[in-house]
Amino acid sequence: MSPAAFCFLTLFTGILSQMLFRILGLYIPAAALTIFYISVTYGPRVGIICSFLTAICLVGLCGTTDFLALLCLPGVAGFGAWWPYKTEVQHPILSSLPGILVMAALSLLAQLSVIDIHHQWVLILSSLAVSAVAGAILMPVTVGFFDWIAVRCGLFRYQDARTRILSRER
């Protein structure tokens with residue numbers, strides 16, 4: 001499998017899972033987690049291109065109204081490219097922290113764009129808590145699942161990103 005096909009499979013899975021969560025009535029931006037995964041694994045250029053493609057698909061398929069969250073997807077790609085430089089990515093459980101940060105930030109932006117802030121603080125905080133818990137659970141699952149596929153296909157893994165960066169800098 002080529003890296004381009006792997007990126008397509010990753011994005012397709014993220015977009016599909018985000019649409020399924022929306023059908024259930026939950027705003028969980030799961031596609032942002034796959035963009036983060038791709039940015040860590042393949043770098044910022046591939047991550048930003050994939051973030052724009054994901055935003056186009058989400059607008060076209062979901063008819064989404066939270067354009068602030070869609071505009072932040074390239075920011076998620078930049079955060080994903082920065083993450084392996086500053087922290088350890090060897091263990092998938094350690095990836096729950098960026099999952100919490102990404103999901104909480106995008107959920108907060110989406111809630112602030114559609115809810116009356118003065119009267120709905122409980123709703124905003126509960127949505128933030130649900131998306132943070134979902135990010136803490138879904139990001140390690142995403143890393144484990146896609147790294148498992150990447151090993152089977154002989155592609156770069158999320159867990160090897162820091163090692164590749166350090167060997168490139170020497």
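## Overall architecture

Among contacts in the chain (heavy atoms within 4.5 Å) between residues at least 6 apart in sequence, 71% join residues at least 24 apart. The model is a predicted one, in which local features need pLDDT of at least 70 and side-chain atom pairs count only at pLDDT 80 or more, whereas totals for chains, interfaces and linings use all residues. Residues are numbered from 1 along each chain as its sequence is written, and side-chain values use heavy atoms, with hydrogens and water left out.

The chain has 8 helices and 0 strands, and its elements run α-α-α-α-α-α-α-α from the N terminus on. Helices (H or I, at least four residues) and strands (E, at least two) are DSSP runs, numbered from the N terminus. Of the 170 residues of the chain, 44% count as buried, where buried means under 20% relative accessible area, exposed over 50% and partly exposed in between (1.4 Å probe, protein chains only).

## Packing of α1 with α2

Two packed helices are described by the angle between their axes and the distance between the axes. Helix α1 (residues 3-23) packs with helix α2 (residues 30-42) at an angle of about 160 degrees, and their axes are 7 Å apart. Axes are lines fitted to C-alpha atoms, for helices over the stretch in contact, and angles run from 0 to 180 degrees between N-to-C directions. The helices α1 and α2 are therefore roughly antiparallel to each other; angles under 35 degrees count as roughly parallel, over 145 as roughly antiparallel, 65 to 115 as roughly perpendicular and the rest as oblique.

The crossing of α1 and α2 is right-handed, the term for a near helix turned clockwise from the far one by less than a right angle; anticlockwise gives left-handed. On the side of α1 the contact is made by P3, F6, C7, T10, L11, G14, I15, S17, Q18 and F21, and on the side of α2 by A30, A31, T34, I35, Y37, I38 and Y42. By class, this contact has 12 nonpolar, 5 polar and no charged residues. Ala, Val, Leu, Ile, Met, Phe, Trp, Tyr, Cys and Pro count as nonpolar, Asp, Glu, Lys and Arg as charged, and the others, Gly among them, as polar.

## Packing of α1 with α3

The axes of α1 and helix α3 (residues 44-62) cross at roughly 35 degrees and come within 11 Å. This crossing of α1 and α3 is right-handed. From α1, the residues in contact are C7, L11, I15, Q18, M19 and R22; from α3, they are V46, C50, T54, C57, L58, L61 and C62. The contact of α1 with α3 has 10 nonpolar, 2 polar and 1 charged residues.

## Aromatic pairs

The structure holds 13 aromatic pairs. Rings of Phe, Tyr and Trp (its six-membered ring) pair if their centres lie within 6.5 Å. Ring pairs link F6, Y37, Y42, F145, F146, W148 and F156 into a cluster.

## Buried residues

I149 is found in helix α7 (residues 121-153) and is buried, with a relative accessible area of 12%. Leaving aside neighbours within four places in sequence, I149 is in contact with F6 and L9. The C-alpha atoms of I149 and F6 are separated by 8.7 Å, although the two residues are 143 residues apart along the chain.

L106, in helix α6 (residues 96-114), counts as buried at 3% relative accessibility. Its C-alpha atom is separated by 7.1 Å from that of P29, 77 residues apart along the chain. S95 lies in the loop between α5 (73-86) and α6 and is buried, with a relative accessible area of 1%. Apart from neighbours within four places in sequence, S95 is in contact with M139, P140, V143 and Y158.

Terms used: Rings of Phe, Tyr and Trp (its six-membered ring) pair if their centres lie within 6.5 Å; planes under 30 degrees apart count as stacked, over 60 as edge-to-face and the rest as tilted.
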